[in-house]
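Q: Please show me the structure, and then let us go through how its features are read.

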Amino acid sequence: MSHVRVRFAPSPTGFFHIGSARTALFNWLYARHTGGTFILRIEDTDKERNSEAFLNLIYDSLGWLGLNWDEGPRVGTSGGGDFGPYRQSERSAIYREQVDRLLAAGRAYEKDGAIWFKLLGERYEVFDDHRQKTVTKVRVPPVVIEDRIRGRVERLEDEDFVIVRSDGSPVFHLVNVVDDIAMRVTHIIRGEDHLSNTSKHVHLYEGFGVKPPEFAHIPLILKQSGPGKMSKRDQGALIEEYQRRGYLPEALVNFLCLLGWNPGDDREKMPIAEIIRLFDLPGVNQSNARFDEKKLAHMNMAYLLELPADRFVAEARAGFARQAETPAARAALAAPVEYFREVMLLSQPKIRGIEELPAYTAYFFTEDVAVDPKVRDKVMGKGDPKARLRELLAALPEMNFASDAAIEEALKALATRHGLGFGDYQAVARLAVSGTNAGPSITGLFRVLGRARVQARLERLLAA
RNA sequence: GUCCCCAUCGUCUAGCCUGGUCCAGGACACCACCCUUUCACGGUGAGAACCGGGGUUCGAAUCCCCGUGGGGACGCCA
């Protein structure tokens, strides 16, 4: 097969959402799988709804997800190319030229100040119930689309349609086809919502005397609950939200791949190189998929667990920085970097997401430890916790804080000396140092907090 | 309303093309138990699906038809 050229063609008219990201991802994967070219084209012909902020969001989100483009607007290390400009707002002259060609060839005409594409065939009038008006139809054979995912699809396109608005601006169908021809796009991979537009596009290709590219219409992502496809307003729909919550882009990408595609076996968590190796159009499903935030969260946790220490600490710090206005985050960021690092690494195997970190680790960075009253009542109401505290305090000066193993040994020795178990000290010590009953191992807690903090907190609880 | 697409556990899906190896496998979620020094992770197990009806066939989750359900499109939006 000749060199594959695919494109992702978003319009900067709204937030960048999960559905767009997956369309971009499938195009990117196909390009990377085939050694082809991934083009980013900005479809900003809707002057009313365009915004520079949304445009930057597209660049940011693609960049964050790691979906670098080979051709397109130049941003960071992505972009460039010989078929630009890649923003449709800068290609007006090209569209005007192509419309003139259609006009000259008799395949377009002017009506009501707009320019219409002319279908070839006998015309007749019919009343359209849905639109409540009489429309002119044309007798044409149905368009046959050999879709790489759907198979053979037939659709009748029997009305002329507008390609240039009366204000002179070109319409989506026109610019889409003109640019795909000009940019030598070989495969159009897009959402199934475009399947019904494809008949218009095929007519346009024929109008230009060009063989249409391959089409591949991917299934849609449905909202988590309730009817309909996912939209920008739905819970969990926005890419920037995951970015802000500290999700790992590789986890989101892995999850997104599995929405409508699978490697053909049971594997789910896969390195991107493996996904690229296995991804192909025939492996894409035909049915729509419902978005599941919980499964995404699980995938994210699995990636978090395996993250190398340096990267985890960096992600954690970024997460705190995003909440820098809260006292807890400010205190953590002000702490010595080595201490911050130790706290984060202690928490890494325990948390489900970066966003949990500030609350999960708050007591490491303040002496004003919040105490969970229910936990306090439960722990303090069982056995003789104050006696245990006194015994801990007595043993503390001699305790070796060098390692978790040393601390564990010391605590076990203490318990044995008093004819008790590890657990008899664990609960009350944890309450004293953290104010709660959940968290990293008590030995890790002692080691990272250090003798002085532990002593102060044990004493405080004893005095309470 | 018209046209187009789709249909396996609650959800994502394997199996379907090339019918028997499927009283349907995995994952998320839920529940139970185990592990354990709390909380997680992990482990084991349970419950949970071939939308309905016709056909074809010795045999259908797999092929065909009709229903039904879901989704999409029907703009001088993209």
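Q: What percentage of the 464 residues of chain A count as buried?

A: Buried means under 20% relative accessible area, exposed means over 50%, and partly exposed lies in between, with a 1.4 Å probe and protein chains only. In chain A, 51% of the 464 residues count as buried. This is a predicted model, where local features need pLDDT of at least 70 and side-chain atom pairs count only at pLDDT 80 or more, while totals for chains, interfaces and linings use all residues. Residues are numbered from 1 along each chain as its sequence is written, chains are lettered from A and ligands numbered from 1 in the order in which they are written, and side-chain values use heavy atoms, with hydrogens and water left out.

Q: How many helices and strands does chain A have?

A: Helices (H or I, at least four residues) and strands (E, at least two) are DSSP runs, numbered from the N terminus. Chain A has 19 helices and 15 strands.

Q: What is the radius of gyration of chain A, beside that of a compact globule?

A: The radius is taken over C-alpha atoms, and the globule rule is 2.2 Å times the number of residues to the power 0.38. For 464 residues a compact globule would be near 23 Å, but chain A has 31 Å. The C-alpha trace of chain A spans about 100 × 45 × 35 Å along its principal axes.

Q: Which domains does the assignment give for chain A?

A: Domain bounds come from an automatic or database domain assignment. For chain A these are domain 1 (5-87 + 221-293), domain 2 (91-218), domain 3 (309-364) and domain 4 (367-464). The centres of domain 1 and domain 4, taken over C-alpha atoms, are 49 Å apart.

Q: Is histidine 17 buried or exposed?

A: Histidine 17 counts as buried because its relative accessibility is 12%. Its place is in the loop between β1 (5-8) and α1 (18-34). Contact means heavy atoms within 4.5 Å. Leaving aside residues up to four places away in sequence, histidine 17 touches Met230, Lys232, Ala237, Leu238 and Ile239.

Q: What is the phi of aspartate 112?

A: Most residues other than glycine have a negative phi. Aspartate 112 has a positive value, near 55°, and is found in the loop between β5 (108-111) and β6 (114-117). At 67% relative accessibility, aspartate 112 is exposed.

Q: Where does arginine 184 lie?

A: Arginine 184 is in the loop between α4 (172-182) and β12 (187-191). Arginine 184 has a positive phi of about 55°, and counts as exposed because its relative accessible area is 55%.
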